[in-house]
Every structure is written in structure tokens, then in C-alpha cells.
Amino acid sequence: MKQITVPDLYCPFQTKINKHVDVLEDYALEWVLRFNLLAHKSSYQRFSKAKFFLLAAGTYPSCQLEELKIANDLLSWLFIWDDQCDLSDLRKQPELLKGFHNRFLEILNGEELTNQDVPLAHALSNLRHRILERGNTKWFHHFVRSFKGYFQGCVEEATNRAQGVIPDIDTYMVIRILAGGVEPVIELIEFCDHLMIPDFLREQDIVKNLKLIANKVLCWGNDIFSAFREMADGDVHNLVLVLHYQQKLPLEQAMKRAVEIHDQDVLTMMNLEASIPTFGEKEDAELAKYISGLHSWISANLDWCAQTTRYQTTEKLKVIKS
């Protein structure tokens, strides 16, 4: 397969790195090892090389160390589970995935652990406890709800794989925005930066649209960097590959079209920001910090994608024990 260079992606936002990045690097493996989330040597090596701590330090550049550790551990959890959904035998077993997801949601909602729970459930319970120690329960409700969408998207991808379906572009985009796992980490912006976004502001169409477009930009960026790894894995859930297979575009042209979609969404986001009305001095200040958090995610994610080994290797994983 001819390797195509990833074109430059438009990003007008500056990446800032959290001052605790060196401490986080030393800490990065501690939590996943404590909960036995990297049971195999290959998983450990894969995780170590991916350098998720750099992503956490760039996406939450202003938060304090304990919040940063929680963010890092949440990212680790999401990436580890995402690999199970994409690279293990679970990738084509939507009903099995639903069972795991239902249990994970029970854990997030406060159900007690049992000796039947897998390590990922124990790790998720730990995250819940630490987040609630430092966050508020009202925000946590929104955080848990974001997981429901993520889990739904993962099941829809598994259903497509099991049925041999290549989704059309519109269907794919809907699924990808869910399955990308972006919504939980966007919700975490409020937690990490101690923001208080009131409900009336959260429900404003312009705020919801900003969040949605940021989600799209992040998903398309990841798709562009991971296209060739996912093609090698035999997956089709990727913007470049859907354009290639469904619209019969040559790979290089599909890549260019995906870049155009990404760049246009960035411009749409910037135009939307320019039209934000005033909601009040305090609310405007909180919203400005939130939007800065979205910018940090977009810029840091592109920087990380360009340097991580995560999208350069393929590996078949063992399914976690049910």
C-alpha cells in the first residue's frame, strides 16, 4: 500500500503545555499498572510509546496537578477501552460490548464493585471517586451522560463490523462523533479548570454548536492521522476510508477531501465564536475559558497525533475477561 503523507491541517490555536508535565510523565504509568490495565508486555510497550501524558498536558494546560492526574487517567482509560473495542474480538460483538457498557455505567452511577468486575471497572470506580472528591455532582451528571453516547457509538461500530457494513458519509459522521470518545474529555474541561457553566448557558444553541464542531474537528484530525493504521486493521470507521470506499475516491484524493472537511469545520468554529452574544460579565468570562479549553484540545491533539506512535502500528489484542 502506497504511503501518503498527511497534509498540514489548519489550526490557528496555540498549544500550551501544563507546567506539571514532567511530574505527570513520572506518574503516567502508575495508575494503569496499579489497576492491572496493561496485563501483557505488548500492551505495556504500546501504551508507553503512545505518550498519552503529553496529550493530557497539552489539552488541559492550566489545571492543577491532581486534576491533571485525573485527566491523564481518564484519557488512559478511554484509549485502553477504545483499543478493546477496535482491536480485540469485541470489535464484532455488539451484544458483549453492551454488557460491559451497562456495567461501566452502573459503576459511574455509584454501584458497588464485585469480585466479578474486570480491572477496567475497578479503575473507572476509582476515577468516579476522585472526580467527585474535587468536582460537583451536578456537573458529574453531564459527565456520565457523555459516556452513554460514547458507548452507543462503540456498539454501532461493532454492529457495522459484524454485518460487514460500510456506512455512508452522513451516517458515519453521526457514529464517529459518538464513538470518538471526545464528549467525555470535553466535559472534563469544566472540571479541570473549575468552571461553573450555568444550565441556561449550556443549553444555548451557539454553545452546543461550538462543542459539536470542536468534537468534529478532533475526530477528523484523528481520522486523518490514523487512516492507514485502520486500513491495515481492516476497519472502515474512518473519514478518509469512508470517502475512499463509499465515494470511490482514490486514497490520496480522499485524504485531501478529509483535510478540507477538517479545515472548513475549524473556520466554521471560528466564525461561530465571532458571533457569540454577551450573556453577562461572569458568564462571558466562564465561556471564554471554556472555549479556550476547546482550542487547547484541538491544537494539542494535532501536535500529539503528529508525534505519537499510536497511529503507526497495528496489533491484535486479546479480549478482556468478561
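Is cysteine 11 buried, partly exposed or exposed, and what is the relative accessibility?

Reply: Cysteine 11 counts as partly exposed, at 25% relative accessibility. Buried here means under 20% relative accessible area, exposed means over 50%, and partly exposed lies in between, with a 1.4 Å probe and protein chains only. The model is predicted, so local features need pLDDT of at least 70 and side-chain atom pairs count only at pLDDT 80 or more, while totals for chains, interfaces and linings use all residues. Residues are numbered from 1 along each chain as its sequence is written, and side-chain values use heavy atoms, with hydrogens and water left out.

The closest cysteine sulfur to that of cysteine 11 belongs to cysteine 305 and is 11 Å away, too far for a bond. A disulfide is taken as a pair of cysteine sulfur atoms within 2.5 Å, and by this rule the count is zero. Cysteine 85 is in no disulfide either, with the sulfur of cysteine 154 nearest at 4.0 Å. Cysteine 85 is buried, at a relative accessible area of 1%.

A cavity is a set of points, on a 1 Å grid over the protein atoms alone, where a 1.4 Å probe fits but cannot get out; lining residues have an atom within 4 Å of a point. Grid points are joined across faces, edges and corners, and a volume is the space filled by probe spheres set on the points. The structure holds two cavities of 30 Å³ or more.

The largest cavity has a volume of about 420 Å³. It is lined by 28 residues, and those closest to its centre are Phe79, Asp82, Arg176, Gly180 and Asn222. Helices H5 (65–87), H8 (137–163), H9 (169–179), H10 (182–192), H12 (205–232) and H15 (281–307) each give two or more residues to this lining; helices are DSSP runs of H or I, at least four residues, numbered from the N terminus. H12 gives the most, with seven residues. By type, the lining of the largest cavity divides into 12 nonpolar, six polar and 10 charged residues. Ala, Val, Leu, Ile, Met, Phe, Trp, Tyr, Cys and Pro count as nonpolar, Asp, Glu, Lys and Arg as charged, and the others, Gly among them, as polar.

The second largest cavity holds about 40 Å³ of space. Its lining includes Ser146, Tyr150, Glu183 and Asn215, and H8, H9 and H10 each give two or more residues to it. Five of the lining residues of the second largest cavity are nonpolar, four polar and one charged.

As for the rings, there are 22 aromatic pairs. Rings of Phe, Tyr and Trp (its six-membered ring) pair if their centres lie within 6.5 Å; planes under 30 degrees apart count as stacked, over 60 as edge-to-face and the rest as tilted. Phenylalanine 200 and phenylalanine 279 form an edge-to-face pair, 6.4 Å centre to centre with 65° between the planes. Phenylalanine 200 lies in helix H11 (residues 199–202) and phenylalanine 279 in the loop between helix H14 (251–274) and H15, so the pair ties together parts 79 residues apart in sequence. Phenylalanine 200 is partly exposed, at 41% relative accessible area, whereas phenylalanine 279 counts as buried, at 17%. Ring pairs also link a cluster that includes Trp77, Trp81, Phe147 and Tyr150.

Note on methods. 1 Å grid on protein atoms, 1.4 Å probe; cavity = no way out; pocket = protein on both sides within 12 Å on 5 of 7 lines; lining within 4 Å.
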